[in-house]
Amino acid sequence: MDTNAAKARRTAPLQTPTDLGADATRDVSAALTALLADVFVLYVKTKNFHWHMSGPHFRDYHLMLDDQGEQIFAMTDAIAERARKIGGTTLRSVGHIKRLQRIPDNDAEFVTPEDMLAELAEDNKKLTSILREVHAVAEEYNDVATTSLLEVWIDETERRTWFLWETTRGVN
């Protein structure tokens, strides 16, 4: 037998219970969703360059980008689930990603290995800045769980930037 409360739960929009409040849910989940779009873009670009790497350092660069791609992809589910845990929604399509992304695509037919690494270093640096912006939003609402996740991702992203930058040092 259907109760009115059970029927309302099945037909209501996605609203996971949270103590953060409506403003926090709206602002933090929106920031996380935009972050998720950028993380997906960086993941695809990293894999693109991984697949199209060439040259004398192919194996080292190919493996480094594969490792970095795995690390970036690992962020995606945690970002989306965090937005849902606090009562928000998240990405729904590739078109949604395209509308929100701040990290640019690279559809070039050929990119030199040095340019690939330099571009990814800049993109990771940009992602660090975005992560810090999302951290500030979460911090404003005392969303400790989100800030904790972001702090780990900032560290990981800074490490990727460092590795990419060091790999391109001294390249003519």
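**A walk through the chain**

Guide: According to an unreviewed UniProt entry, the annotation "domain: Ferritin/DPS" covers residues 30-164; UniProt positions are given here in the numbering used for this chain, feature names are shortened, and annotations may be inferred rather than shown by experiment. The model is predicted, so local features need pLDDT of at least 70 and side-chain atom pairs count only at pLDDT 80 or more, while totals for chains, interfaces and linings use all residues. Residues are numbered from 1 along each chain as its sequence is written, and side-chain values use heavy atoms, with hydrogens and water left out.

Visitor: How many helices and how many strands are there in the chain?
Guide: Helices (H or I, at least four residues) and strands (E, at least two) are DSSP runs, numbered from the N terminus. Read from that end, the elements run α-α-α-α-α-α. The count for the chain is therefore six helices and zero strands.

Visitor: How far does α2 reach from its first C-alpha to its last?
Guide: The expected span of a helix is 1.5 Å times one less than its number of residues. For α2, which has 30 residues, the expected value is 44 Å, and the computed reach is close to it, at 43 Å.

Visitor: Why is α2 described as largely enclosed by the rest of the structure?
Guide: A residue is called buried under 20% relative accessible area, exposed over 50%, and partly exposed in between, using a 1.4 Å probe and protein chains only. Across the chain of 172 residues, buried residues make up 41%. Helix α2 is largely enclosed because, of its 30 residues, the number that are buried is 21.

Visitor: Which helix supplies the largest share of the lining of the largest pocket?
Guide: On a 1 Å grid over the protein atoms alone, a pocket is an open set of points with protein on both sides within 12 Å along at least five of seven lines, and lining residues have an atom within 4 Å of a point. Grid points are joined across faces, edges and corners, and a volume is the space filled by probe spheres set on the points; for the largest pocket that volume is about 220 Å³. Both α2 (22-51) and α4 (94-100) supply at least two residues of its lining. The largest share, five residues, comes from α2.

Visitor: How many charged residues does the lining of the largest pocket have?
Guide: The lining includes F40, K45, N48 and D105. Ala, Val, Leu, Ile, Met, Phe, Trp, Tyr, Cys and Pro count as nonpolar, Asp, Glu, Lys and Arg as charged, and the others, Gly among them, as polar. By these classes the lining has five nonpolar and three polar residues, and the number of charged residues is four.

Visitor: Is N142 buried or exposed?
Guide: Helix α5 (residues 113-140) has 28 residues and reaches 41 Å, close to the expected 40 Å. The place of N142 is in the loop between α5 and α6, and N142 has a positive phi of about 55 degrees although it is not a glycine. Because its relative accessibility is 60%, N142 counts as exposed.

Visitor: How far apart in space are S93 and A37, C-alpha to C-alpha?
Guide: S93 lies in the loop between α3 and α4, and at 36% relative accessibility S93 counts as partly exposed. In sequence S93 and A37 are 56 residues apart, whereas in space their C-alpha atoms are separated by 9.9 Å.

Terms used
1 Å grid on protein atoms, 1.4 Å probe; cavity = no way out; pocket = protein on both sides within 12 Å on 5 of 7 lines; lining within 4 Å.
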